[in-house]
Amino acid sequence: MNLENFFVPALLVAFPLIAAICLNFLHGKDKAVKGFAILSIIVVLLLPWITQYGIYLFGGHPYAENVDGTNIMLSKLNLAIVYNYGAVQKIFIGLLAFLASAAIVVHFLEKTSGVYAAMIMLGIASTSAVIMADDVFNIFVFLEILTISQAALVIAVGSIKAYKTALKYLILGGVAGSSILLGIAILLGKYGMLNVSDLHTVITVEFESGISQTLIVACALIFVGWLFESGMVPFHIIKSDVYSKARPSVAAFMQTQTKFVLVALWIIVLRLFYGIPTFNALVLGVAILSMVFGVMMALKQTEFTRLLAYVAVAQAGLVGVGLGIATQAAVSASVFHAINDAMAMAILFLSASIVLQITKTMDLHKTGGLLWKTGLVPLWSMIGIFAVSGMPPFNTYQSEFRIISAASEAGYPELTVLIILTSIATFVALIKGFYSIYLKEGQEYLQKGEMDKVTYSERAEWLMLILIAVCLGIGLFPQQVLEYVQDFVITLGVI
Amino acid sequence: MNVEALFQPMCFLTAALLVVIGLYAVIFMDNLLKKIIGVTLISDGVNLVLITGGFNKIVAIISPEQFEEGVTSATFEGLKEFPEFATQAAFPLPSALVLTSIVISVSIFAIMLALAIRLYQHYGSMSCSVLFKEVEE
């Protein structure tokens, strides 16, 4: 058997899906769930590194000739499900797999629910599909699955507040999903195809004779879906609500999903609608609003996970700003920042996971006094704060600096000021959280136990350390990642 | 009056109505169940748009056996030879897409209903003004 033909991109979607189904059936059998989850994690972590690069298609009609005497619309078009897998997709999916594994490993000693592990696997499968897929319907299907898996992970917390958040998220997700589907229906009705590359070719030809109203409507509908999936204004509140109600380790995974879906979906929308003059301005507008609202809301939060959730929304806004500027340098910097910030935010969410294990609360009024009780966790948390705030020598400094430079070069000097102010405000908000948790005087939960040192998951600490090392490594040698990102942006062919 | 010509526009009109009623329910209705039904109405409306977009008047096709027996499109009314059939037949792709879309909608609907039941058990009400009354910290 030729292994090169076995490790195809479809396996990156198919394996987690199969694992999710199996884990679901194992629900209730704790040892079996744990064993299978570990096995799945190992495979999921390995798969991105051994999968062959390239374009993979299946289940379609690969470039059949026209039937004589007919003009069957689709005979020369490829109806297959197409997955495109390159270096950037590998980085995205590799990081996703790592953070998904973290969400399982951190809670490994607790009774592991089969459904919980299944939803994590479903999250990997759906996000991987959105990142790789080259047809709009496939993307719609997996976006819906992503919404369901994220809602289910919030439900897994088991509190009434979590149920309410999940319900709100599903209602809005249902409306946003329908909006995307209606956009797809319009594209299908007008052009008779779903493949993004084919649509891109046809629409590019059409742009020469002007932009049709139908295309603008389709663009607007899919754009609404993009806003929801990326947690941009006006959906920033529900997105931050979802992050804050989920377990912090799961929130680390979710915010990564959101950032990668933001980039992947934007690429699809850009390839289809790049000729619409106001498109980039619209992206830039909502991204700036998300960035500003996100950081302002973070400053006033009194709950640590909610604070982190709003910072994550603000950082997603910063990614959107680079995409909205839409120059090659800005888009490269943005995609780079999506990768960097996903890692940096994950450090802080994992630290929140440790804090929650000890204090059983995220309320900043009730926390405090953990500085000398939690080993080196405060140090790692502080490093995480530096990384998220874009300070050298961390990776986010490299990407933020590049976004600022690109904004300046593109003629948006005022944006550079706004981005710097956002970084400062982010730092202030995070330091407020750090003070309330570690530096403020000890609270009741510590005095009662009379403990010098409290117990927490060392696995979470190790995961934080790995992420810090990677953040530092990329910060010192940014070209190791950036060159792949730059090549990827050039191959898009529309910037 | 040509009823066949009106069929597609009427379908689109119904779809638009479903979407508008659904949006109204989601935004303005206080009852949680009505909001959930609103979401499904929107989804059904969009599915109707998809399926109507692929609709075409159903035409029959001559099988190879019939062709060998000398049957042509002129023999029976509505019977088409393959080239004509291929250009006039319903577009099959939307039907396949709508099936997938329905499955997804049902899944979301089921989870929403399950959550609504849990909230009803806790609060004893389906009114959103009661369920979401507490100010989030």
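Mentor: Chain B and chain A bury about 3300 Å² between them, and carbon and sulfur atoms give 81% of that area. Buried area here is the accessible area (1.4 Å probe) that two parts lose on being put together, summed over both. The size of an interface is often given in this way, as the accessible area lost when the parts come together. The model is a predicted one, in which local features need pLDDT of at least 70 and side-chain atom pairs count only at pLDDT 80 or more, while totals for chains, interfaces and linings use all residues. Residues are numbered from 1 along each chain as its sequence is written, chains are lettered from A and ligands numbered from 1 in the order in which they are written, and side-chain values use heavy atoms, with hydrogens and water left out.

Chain B contributes 37 residues to the contact and chain A contributes 33 residues, contact meaning heavy atoms within 4.5 Å. Between chain B and chain A there are 0 salt bridges, a salt bridge being a side-chain nitrogen of Lys or Arg within 4 Å of a carboxyl oxygen of Asp or Glu. The count of residue pairs in polar contact between chain B and chain A is 2, with both residues at pLDDT 80 or more. A polar contact is a pair of N or O atoms within 3.5 Å; within protein, one must be able to donate a hydrogen and the other to accept it, and residues adjacent in sequence count only if both atoms are side-chain atoms.

On the side of chain B that touches chain A, the elements giving two or more residues are helix H1 (3-28), helix H2 (32-53), helix H4 (82-88) and helix H5 (92-123) of chain B. Helices (H or I, at least four residues) are DSSP runs, numbered from the N terminus. H5(B) supplies the largest share of that side, 15 residues. By class, the side of chain B that touches chain A has 25 nonpolar, 7 polar and 5 charged residues. Ala, Val, Leu, Ile, Met, Phe, Trp, Tyr, Cys and Pro count as nonpolar, Asp, Glu, Lys and Arg as charged, and the others, Gly among them, as polar.

The contact draws 39 residues from domain 1 of chain A and 46 residues from domain 2 of chain A. These two domains of chain A bury about 3500 Å² between them, 81% of it on carbon and sulfur atoms. Val106(A), Pro248(A) and Lys259(A) lose the most area on the side of domain 1 of chain A, together 17% of what that side buries. Across this domain interface the rule finds 2 salt bridges, and Lys259(A) also forms a salt bridge with Asp341(A) (2.9 Å, N to O).

Over all chains, the whole structure holds 7 salt bridges. One of them joins Asp241(A) to Lys245(A), with the closest N and O atoms 3.1 Å apart. Both residues lie in helix H10 of chain A, 4 residues apart, about one turn of the helix. Salt bridges that share partners connect Lys168(A), Asp241(A), Lys245(A) and Arg306(A) in one network.
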